[in-house]
Amino acid sequence: MTQREQRKDDHIRLALNHPESPSSFDQIHLVHRSIPSIKQTDISLHTHISSLSFEHPIYINAMTGGSKWAGEINHKLAIVSRETNIPMAVGSMHAALKNPALIPTYQVIREVNPNGIVFANIGADVPLDFAQRAIDMIQADALQIHLNAPQEVVMPEGGRDFADWLSNIEAVVRTSEVPVIIKEVGFGMSSETLAQLKAIGVKAADISGRGGTNFVYIENERRPGKDQSYLNDWGQTTPVSLMESMPFQHEMDILSSGGIRTPLDAIKSFVLGAKAAGLSRTVLNELELKGVEPTIKMIERFKAHLTDIALILGAKDMTALREVPYVLSPELESWQRQRKQRGRNL
Ligand SMILES: Cc1cc2nc3c(=O)[nH]c(=O)nc-3n(C[C@H](O)[C@H](O)[C@H](O)COP(=O)(O)O)c2cc1C
């Protein structure tokens with residue numbers, strides 16, 4: 001097994017044994033209205049990301065591919081994605097781009113789900129031709145490019161050269177025929193980052209914030225002495241990242257991920273302006289601990305509960321959800337105030 005294959009298996013194993021932190025979505029309170037004035041059959045949470053149309057506003061976010069175990073997980077995730085009609089992303093495809101023997105561990109998702117919406121995934125450090133090869137490998141409907149600088153720094157074998165990330169992304173965005181989604185991996189995004197992305201023509205960003213899977217924690221577990229554990233709280237939570245994204249939401253499709261555990265977390269994301277919510281570890285845990293059928297049931301329940309909550313809120317669609325009034329915790333309000341005072345218009 002190569003170092004890269006071993007790393008993927010380490011990540012899956014550590015994600016499955018990951019401690020839970022308190023949900024940062026508890027810092028947002030939706031205002032209850034006693035007269036919702038709609039009925040359940042009025043509700044459709046259909047959504048759009050760039051040119052793609054999602055029947056349901058949730059997706060399985062990037063995780064695996066690149067080892068035997070990862071390939072088996074992708075196979076099962078693809079069944080879940082097909083049966084529940086939600087999009088899914090594969091994990092970073094660098095492994096297969098460098099070693100063709102690993103291509104089947106990604107292609108399996110297209111074989112299992114020929115008509116589903118699938119996202120390819122690469123890092124921002126790769127050459128331009130990798131992007132097209134990744135898309136072609138699984139006939140992807142969109143390409144995710146992940147940003148993971150803190151993970152690279154804490155990863156024992158991680159990279160240290162981020163100088164070309166922005167220009168690499170720009171080159172892909174200019175030439176890609178499918179929508180490009182720039183995504184974090186659990187450290188969140190700031191308005192400064194989104195301004196950089198907007199300036200190079202990015203139209204979709206997954207702010208993947210802190211509060212769920214924590215790659216500083218995971219890489220520290222792989223690191224002798226875990227000597228960078230003091231960085232465990234690095235980054236912006238998902239709600240903070242969504243607030244940071246507000247000035248960009250009319251020109252960029254914002255996706256929410258990072259610690260989405262319940263349908264209420266997803267609804268709060270939509271109220272804060274996200275067009276869809278991505279789940280990684282919540283799905284991985286169910287899949288590996290319980291199996292494919294229970295995971296399908298969990299997602300069906302998740303979708304039904306999204307509708308239940310939209311009903312209580314009197315919101316018949318994603319646009320109406322954005323109008324739902326909310327109150328921020330003192331901590332979030334303080335973040336917003338301080339960022340405004342320092343010139344960021346959140
Ligand atoms: C086991 C595992 C592997 C992951 N691998 C990737 C990856 O290869 N590429 C990527 O963009 N994100 C990767 N992620 C990050 C997720 O896509 C997501 O941004 C992050 O886990 C936060 O979501 P969560 O809290 O729902 O897990 C991975 C997550 C997990 C749990």
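Predicted model: local features only at pLDDT ≥ 70, side-chain atom pairs only at ≥ 80, totals over all residues.
1. Residues are numbered from 1 along each chain as its sequence is written, and side-chain values use heavy atoms, with hydrogens and water left out.

2. A polar backbone atom of S92 is 2.7 Å from an oxygen atom of the ligand, and a backbone N or O atom of R281 is 3.1 Å from a ligand oxygen. On its own the ligand has 610 Å² of accessible area, and the protein covers 97% of this (Shrake-Rupley method, 1.4 Å probe).

3. Now look at the shell around the ligand. It holds 22 residues, of which A62, S92, S208, T213 and G259 come nearest (a residue is near if one of its heavy atoms lies within 4 Å). By class, the shell has 12 polar, six nonpolar and four charged residues, with Gly counted among the polar ones.

4. Which element gives the most to this shell? That is α1, with four residues. Both α1 (3-16) and β8 (180-184) supply at least two residues each (helices are DSSP runs of H or I with at least four residues, strands runs of E with at least two).

5. Next, follow α1 to helix α2 (residues 68-84): their axes come within 8 Å and cross at roughly 60°, so the two helices are oblique to each other. In α1, K8, D9, I12, R13 and L16 meet W69, A70 and I73 of α2 (heavy atoms within 4.5 Å). Five of these contact residues are nonpolar, three are charged and none is polar.

6. Helix α12 (residues 281-289) is another partner: its axis lies 10 Å from that of α1, at an angle of about 90°. α1 is therefore roughly perpendicular to α12 (65 to 115 degrees). Here I12, A15 and L16 of α1 meet R281, L284, N285 and E288 of α12. This contact comprises four nonpolar, one polar and two charged residues.

Notes:
Polar contact = N/O pair within 3.5 Å; in protein donor to acceptor, adjacent residues only side chain to side chain. Axes fitted to C-alpha atoms, helices over the stretch in contact; angles between N-to-C directions. Parallel < 35°, antiparallel > 145°, perpendicular 65-115°, else oblique.
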